Amino acid sequence: MSLIEQINNGIKDAMKNKDTLKLETFRMLKSKILNVDARGNLPDQEIIKLFKTYLGNLQEALEQALKFNRPEMAEKLKKEISIVQEFLPKPLSEEETKVI
């Protein structure tokens, strides 16, 4: 299943479960894809690049929220980051890197 299909399924599930945070996050991810290609016909590698950029933006926003003592915003951003990370490949551990 491609990433765009996973996101579409995530949107449907979030709507059924009335999970607004996941719904907002999945819609944002989908909009990132559609901004580049209106039909959503991007290869998964291009989608991963977009998501990594978005993840970086979320992490910067999290740093700012913590810096300016906004715990409610920081908590929301942490949850969004965890949702986005589900679509990214797992980073290699130190041991795996040494083997390579």
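Visitor: How far apart are the mean positions of the positive and negative charges of the protein?

Guide: Lys and Arg count as positive, Asp and Glu as negative, while His and the chain ends are not counted. Each charge is placed at NZ of Lys, CZ of Arg, CG of Asp or CD of Glu. In this predicted model, the mean positions of the 17 positive and 16 negative charges lie 5 Å apart.

Visitor: What do the numbering and the confidence limits rest on?

Guide: Residues are numbered from 1 along each chain as its sequence is written. Local features need pLDDT of at least 70 and side-chain atom pairs pLDDT 80 or more, totals for chains, interfaces and linings use all residues, and side-chain values use heavy atoms, without hydrogens and water.

Visitor: How many helices and strands are there?

Guide: Helices (H or I, at least four residues) and strands (E, at least two) are DSSP runs, numbered from the N terminus. The protein has five helices and zero strands.

Visitor: Which residues of the largest nonpolar core touch the most other members?

Guide: In soluble globular proteins, nonpolar side chains tend to be buried together. A nonpolar core is a set of buried (under 20% relative accessible area, 1.4 Å probe, protein chains only) Ala, Val, Leu, Ile, Met, Phe, Trp, Tyr and Cys residues joined through side-chain atoms within 4.5 Å. Here the largest core has 26 residues, and Ile-7, Phe-26, Leu-29, Ile-33, Phe-51, Val-84 and Phe-87 touch the most other members. H3 supplies the largest share of this core, eight residues.

Visitor: What is Phe-51 in contact with, leaving aside its neighbours within four places in sequence?

Guide: Contact means heavy atoms within 4.5 Å. With those neighbours left aside, Phe-51 contacts Ile-7, Leu-29, Ile-33, Val-84, Phe-87 and Leu-88.

Conventions: Buried < 20%, exposed > 50% of the residue type's maximum accessible area, 1.4 Å probe, protein only.
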